[in-house]
Structures are given as structure tokens and as C-alpha cells.
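Let's take a friendly walk through this structure together. Please keep the sequence and the 3D view open as you read.

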Amino acid sequence: MSANGLIIDAKNVSRVFSMPAGPVTAVRDVTLQISNGDHIAVRGPSGCGKSTLLHMLGCVEPQTSGTLLFDGQDVSRLSDARRSLLRLKQIGFVFQRFFLLPMLTAQENVELPLSEAGVPRQARQKRAIELLEYVGLAARADHRPSQLSGGEMQRVAIARALANGPRLLLADEPTGELDEATGAQIAALLDRVNQAGTALVIVTHDPALADRAARVLMMRDGQIESERTR
Amino acid sequence: MNAIGFAWRSLVRQPARATLGILGVAAVGALLFDMLLLSRGLIVSMQDLLDRGGWDVRVSAGELPGSGLRISGAIETAEAISTLPSVQAALVVRTATTQIDRASGRPIRASFQGVTTRSADPAGSRLRAPWTILRGRDAEGRNEVVIDEKIASESRIEPGGEITLRASCIADLEALPATRLRVVGVAEFPFQTTNESTIGGTFDALEAACGGNVGTEADLILVTSKGDADVTAEAVRTLRPEIRAATNTEVVGRLQQTGFTYFRQISSVLTTVTVSFAVLLITVLLTVSVNQRLGEIAALRALGFSRSRVVKDVLSESALIVGTGGLLSLPLGLLLASGLDRILKGMPGIPVALHFFVFETEALAIHIALLVATAIIAALYPMHVVSTLPIAATLRDEVIG
């Protein structure tokens, strides 16, 4: 861990996609630093490159140019296996569509990243129950995703993302599939996660969710057009 | 949760698809197993049939025993063979056509096997006849015979009864004298075919049945070696270069080069087809399953699941389908083999005791090896799909979709 608490140091990162009609620049010369405990919202019109930026920060999308350091390590120089390990231990993802595995219970879904990290059975069961209690779903531990509401599924997904105690939690439209009231509950839960020390980057169209962030980045045409701090 | 546990849950998630895959592999695996049993079944069974009587060298006038050609001066030849140092015993087999009269109904056409009782055994004991006694005792006297189950059943004669037969030893057209012989036993003749009837007795009994017209010819001389059968066969060839002496292994080898080759070729072709079909079936099932879960797989990769882990999950899924189907294929294959064996043995000229499908450990080992290869090959494409899955693009597509 870097001494100054810097998690991500992105300098002039760009992402260009080769398309049949010609190259498309999704993210253009973005420079961004994310430190421990940051709470950042990324807003902007559809197709402005928000999700692509989030994926680059989450080490699942390589940059075409620029440098992206995660905890001082140049991500582009890491092997696929090292990047997977980095994501497993340091980064949590929350998706708009939850992506819980339907054949597993809520608890088993939360246990998955722990299992992949080699945590022993008893320890991972204890941790999963703790996390489900944290998100208020301990009573639903044995339920399958099909037996949960949208908000409950997203809470399980957040618990899963927190399983290995990541330093950075990335959420792509976490309230996109939820009604307003449920969305607010998820927003409050994410606030709690951030207050507990986990850096949080949320890509959202929802102004109410974005307004809870300490920093709001406005993107347009792949660039950060403005940054508002609270 | 390890890869196998995860794969099991993935299979249970789609029970209909998993069942279809497992049943498909079971059916294809059963055929594959049968083809492997068939590929060597005849050879193993024939070798067993030849070895069963304890005779390890067969001397005949033609390339293969049973070709119809006869050995002239057979008795003298057998005596000369039995004096060879490597030979323990030699037995002459002479076959004649007979008709067994019945009180009512048409006569039964049968083959009469007459065997000598000569031996080089120092104890001078009688040689074992090339048939197995099921009831009663073996024929010894000039007027004693053993009959097969078919004759016993059709003419309702059991040991202690008598049959009247007309045997033709020289030519089919000769006038057949009627002879009454006592039935002392019911026997199984290993090379008897389904539609054939056979009686057995001493050479003297055959001579009596043929009215003394046996001549000096014989169909076969069966030899038992003291040691190496190859040495005995070579010694016989040196002694009488004009006749053919072959060890049981050589006889099987010659059969392999002729009729048995077809079964081997058929089984090879069908093995290839069944394995290809199994590979295609599993590949399609796994590919469809993987394509339906691309979003989940991309999410797992984003959460830190390694490329090798998601590949292992797919391989484990393939192994579970093929493994479970493969286990089911064994009893299914044995059941199918038994039915097919019955059908194939109905072909004319096939000895009743010969089997087309014979279980061998080697066949089981090849079956398992082929199924393992099937599980791996079938998983190659879906493994390639998950290992090269672009995580971000897939997550993006899932949201847009």
C-alpha cells in the first residue's frame, strides 16, 4: 500500500475501440487519482465513456495509452493472472444486473470470492454471514436469488463485492434496475461501506445517488468535463 | 466451492439439459463400449474356444482346419507325430455325414465326429475328446456315441437310449447302411453351429457306422505339446511338409486376416463415429450452456476469478457429464452386447460357443481413455470461449442486451 493512501493514479489514459466504421475513442486523456476512503460519482450522458472508465479503473479494460497505476503497480505490465488476483483482493464490483449465480444461495454467492481466494470453509462461512448481517440479509442467507427482490439481490451483490475486504469498490449503475425507494436503501448501504473506509466509485445516471458522493465527475465525449467536490 | 462442486451446481441448474447430455453420453458410450468389445471379441472367443480342449496345435490338409480337405494316411501321420519329442499326444478327428432315423418325422441330419484313442502319454490313458460331456459319460466302445442337446431334444433320447443312423464316410451318394448305436451321454461340441447337429464317438464307432468304409483320411489331427506349441508345429511341418500345422494363435491369426477383419473394421469405423458424435453432443451442450452464462462468467472474472479457474469449471462440467454418462454406459453396453451377440450368433456357420462381444479389461481401459479424451476434446471450444472472454465488453453487452 502506498504511503499516501493513493489507490489509483491514472495519467492521460485513453481507450480506443477499433470499429468497422473506424476507431472510436471511448475515454480520452483522463487523469484521475483515487485515494483511500474517496467517494466518487461519475455522471454523464449515455455513451460518454463512464462504464469504460470504470472498467479501466477495475483492471478489466486495458488502456490504449497513458499509464494507470494501482497501488503503485503499472496495471498494463501485470499478467492476466496477476490482474485477476489484484481484482480478487483489492477491488470489488457491483453491477447493474447483479450477476448473482442463480443456482447458489445468497450465502454461497457471497462465499464465492472467498473460496477463490483460498479462505478455509469455516472462515468463509463466518465471513459470509457477517457480510449478510452487514447488508441486513442474514435471515435470507439460504435463499436463492430467484427468491429475493431486486434490492435484496443488489445487497447480496454488495456483500459479495466486499467479501475479500477490497480497498476500492466500483459500482456500475447500482440502482439502475431498482425503484426509487429501494435505490435509496442501496445508496445508504453504499454510503455505509464508504464510511467504513472503502473507496467508492459509482457510475450513475441518478442525480440523487451522485449527490451523496464527495466528488462528482461529469464526463462528455470520453473526457472529464468537470469535477465538483462537496 | 471447488471447480467440480461449481460444475455440479451448474449442471443441476439446468436439469433437463444435464439429463439429456448424460443420457446421450450413456447411449453413445454403450455403443462405443460394444464396438470395443466387438473389435477383439471374436478373436478372444475363438482363441478361448481353441484352447479350451487343451490341444495347442492343429494339423490339417488345408490352410485352416475345417476347410474340407482331408489328410491322407491320417492314422499313420498321427502315430508319427505322437512320437515327436515335443508332442505329448495326438488325436485324429474324422467327420462323416449321418442321418438319424426317427420313429416319426423326418430324419435328423447330423455330423458324426469320430476320434482315435491313440496316445503318446506314457500312462496310456485315453485322450480327452474334443467335446464336453453334459450328462451321462463319454463314448468308449465300438457301438457307443454321445449326442448333442439338439438331437436329444428332437429325438427324445437320453443316455441309455439307442439311435439308428446311416453314416456316409466316403461319398454322399453311397448307399447308407443303418446302424444301431447306444447313446451313453449328451455333450457340447464347441465348434458346432446353431443349425447343426452333432454326434461323437470313437474312430471304431464311426467305422462301424460307415460299414467299415472309413478309409485312411481324416479332417484334423489335434496335438498337445509338452512345452512350446511353436516348436511342435515346426516339428510337424518338418515331419510332413505336405500338411499344415498351426498353433492356436496362428489359427486365430489366419482368421484375423480373413473373416474377422470385417468385424474389426466395422467396429473401428463405428467407434470413430460414436466418439465423434459424443464430442459433438457435449460440445454443443457446453457451448450453449456457456453462451447463456457469459454475463455471469464475465462478472466472476471481474470479481477476480482467474482464467484458469473458469476454464476448469467448464472442463469439470464436461467431465461430470461424460463421467456420469460413461458410468451408465457400462451396464447399458453389456446389456446391448448380450442382445447383439444373440442376433449375430444366429448367422449361419457360427459356432454356438463363439461370442462376438467378449469383456476384456483392456477394452474397459480403452473405453475409459476414449471417454476421458471425449470430455477434454468436447470442452476445448467452450474452454476457449471462456478463456478469451472480453470481460468489459461482455458486461457492457449484457447491460445493453
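## Burial, and one residue in chain B

A residue is called buried here if 20 or more other C-beta atoms lie within 10 Å of its own, exposed if 12 or fewer do, and partly exposed in between, with C-beta atoms placed from the backbone. B:Ile22 has 23 C-beta neighbours inside 10 Å, so B:Ile22 counts as buried. A word on the ground rules: this is a predicted model, in which local features need pLDDT of at least 70 and side-chain atom pairs count only at pLDDT 80 or more, while totals for chains, interfaces and linings use all residues. Residues are numbered from 1 along each chain as its sequence is written, and chains are lettered from A and ligands numbered from 1 in the order in which they are written.

Where does B:Ile22 lie? B:Ile22 is part of helix H2 (residues 15–52) of chain B; helices (H or I, at least four residues) and strands (E, at least two) are DSSP runs, numbered from the N terminus. Two residues are in contact if their C-beta atoms, placed from the backbone, lie within 7 Å. Setting aside neighbours within four places in sequence, B:Ile22 is in contact with B:Ile321, B:Thr324, B:Gly325 and B:Leu328.

Helix H11 of chain B (residues 361–387) has 27 residues. From first C-alpha to last it reaches 37 Å, close to the 39 Å expected at 1.5 Å a residue, where the expected span is 1.5 Å times one less than the number of residues. H11(B) bends by about 45° at B:Leu380, and the proline B:Pro382 follows within four residues. The bend at a residue is the angle between axes fitted to the seven residues ending there and the seven starting there.

Among the buried residues of H11(B) are B:His367, B:Leu370, B:Leu371, B:Thr374, B:Ala375 and B:Pro382. Their cover includes H2, helix H8 (260–292), helix H9 (294–302) and helix H10 (307–345) of chain B. B:Leu330 is found in helix H10 of chain B, and this residue is partly exposed, with 17 other C-beta atoms within 10 Å.

## Where the chains meet

How many residues of chain A are in contact with chain B? There are 25, and they touch 21 residues of chain B. On chain A, the elements that give two or more residues to this side are helix H1 (50–57), helix H2 (80–90) and helix H3 (106–116). H2(A) gives the most, with six residues.

By class, this side of chain A has 13 nonpolar, six polar and six charged residues. Ala, Val, Leu, Ile, Met, Phe, Trp, Tyr, Cys and Pro count as nonpolar, Asp, Glu, Lys and Arg as charged, and the others, Gly among them, as polar.

## The six-stranded sheet of chain A

Chain A has an open sheet of six strands in the order S6-S7-S8-S3-S9-S10, with mixed pairing; two strands pair if DSSP finds at least two bridges between them. Strand S6 (91–94) and strand S10 (223–229) of chain A each have a single partner strand, so one side of each is left without a neighbour in the sheet. Neighbouring strands are turned by 20° against each other on average, direction ignored.

S6(A) runs parallel to strand S7 (residues 168–172) of chain A, joined by four bridges, and A:Val94 stands opposite A:Ala171 in S7(A). Helix H5 (residues 150–161) of chain A packs on the sheet, touching S6 and S7 of chain A, and its direction makes about 170° with that of S6(A). Axes are lines fitted to C-alpha atoms, for helices over the stretch in contact, and angles run from 0 to 180 degrees between N-to-C directions.

Another open sheet of chain A has four strands in the order S2-S1-S4-S5, with antiparallel pairing. Its edge strands are strand S2 (24–35) and S5 of chain A, each pairing on one side only. S4(A) and S5(A) share two bridges in the antiparallel sense, and A:Phe70 stands opposite A:Gln73 in S5(A). H1(A) lies across strand S1 (6–17), S2 and S4 of chain A, at about 50° to S2(A).

A:Asp71 lies in the loop between strand S4 (65–70) and strand S5 (73–74) of chain A. A:Asp71 has a positive phi of about 50° although it is not a glycine, and is partly exposed, with 15 other C-beta atoms within 10 Å. A:Asp221, in the loop between strand S9 (215–220) and S10 of chain A, has a positive phi near 50° and is likewise not a glycine. With 14 C-beta neighbours inside 10 Å, A:Asp221 counts as partly exposed.
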